[in-house]
Amino acid sequence: MRKATRLWFDGWIAGAGTASGTRMVLGHWERSPFGAFSDVMVEHGDGTRLLLAPTEQTADFISSTYAFDGVHIHPVAVAQAVTHWSVTAGPLVWHFTTGARGALGQLLRSVPATAATHPLWIRCADLPARLLGLRTHGSVQAGRRQFYGARDLLPVTESEARWQGADLGRIAAVEPPVRFGSASVPRRPALVRVSTTVELAGRRRRTAGATPCGDGR
């Protein structure tokens, strides 16, 4: 069977919660099929899921892959200075600071990039990731599949966010988990270095026999 088309995204994902119940997920993509861009997924305390994307093209792709109740086109500006990040996206203004890398971040950095981004490795990493409440791969919308290769992790130690000028409150855990798709972000606020592959719908070429870590469902 023909090989499925895979699109590759490389960059950072930041996730944090707030005392008001709003949770934010920043995707800051340094390399992608759409060039460098950033987007923000927001889930409010009432469960409303919103996408803030910079262009119609990126919004169409992301909203076809993940689930949202509303999609908004806004410039998404991200500035980073050492450990401090600033995000401006339409009604959202978000500043956060990262802390020192922990043991998990050190472990992720020790895995060679060629292994960390390979679908088989990602499938094998799914079981230990589930112990942390995460998924490294799975089905998303439109018959697509996602492989999520984490390569570094830094804790987010401080976070301030405003939505339409209103303070969203102090930093909090990403609780309950966000509901955009199969992959998630750590419960504890964090910045994760990732290489993500999105496999488009279509017949996938299979090799004889089962892989050591299952078929990736």
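Strands β10 (residues 145-163) and β13 pair in the antiparallel sense over 10 bridges. Strands here are DSSP E runs of at least two residues, and helices are H or I runs of at least four, numbered from the N terminus. Two strands pair if DSSP finds at least two bridges between them. The model is predicted: local features need pLDDT of at least 70, side-chain atom pairs count only at pLDDT 80 or more, and totals for chains, interfaces and linings use all residues. Residues are numbered from 1 along each chain as its sequence is written, and side-chain values use heavy atoms, with hydrogens and water left out.

Leu153 has Val192 of β13 as its bridge partner. Strand β1 (residues 6-18) also runs antiparallel to β13, joined by 10 bridges. There, Asp10 stands opposite Ser195. Ala190, Val192, Val194, Thr196 and Val198 point one way. Leu191, Arg193, Ser195, Thr197 and Glu199 point the other way.

Strand β4 (residues 49-53) has 5 of 5 residues buried, so it is largely enclosed by the rest of the structure. Both of its faces are covered, with Arg49, Leu51 and Ala53 on one side and Leu50 and Leu52 on the other. Strand β3 (residues 37-43) pairs with β4 in the antiparallel sense over 4 bridges. Val42 is bridged to Leu50. The hairpin of β3 and β4 has 5 residues between the strands, and Gly47 takes a positive phi near 95°. Strand β5 (residues 70-73) runs parallel to β4, joined by 4 bridges. Leu52 and His72 are bridge partners. The chain crosses from β4 to β5 through helix α1 (residues 56-65) in a right-handed β-α-β crossover (clockwise from the first strand over the helix to the second, with the strands pointing away from the viewer).

The largest nonpolar core has 25 residues. Such a core is a set of buried Ala, Val, Leu, Ile, Met, Phe, Trp, Tyr and Cys residues joined through side-chain atoms within 4.5 Å. Phe9, Ile13, Val25, Met41, Ile62, Phe68 and Phe180 touch the most other members. β1, β2 (23-31), β3, β4, α1, β10 and β13 each supply at least two residues of this core. β13 gives the most, with 4 residues. Beyond its neighbours within four places in sequence, Met41 is in contact (heavy atoms within 4.5 Å) with residues including Val25, Leu51, Ile62, Phe68 and Phe180. A second, separate core of 22 residues includes Leu50, Ala89, Trp94 and Ala161.

Technical notes
Buried means under 20% relative accessible area, exposed over 50%, partly exposed in between (1.4 Å probe, protein chains only).
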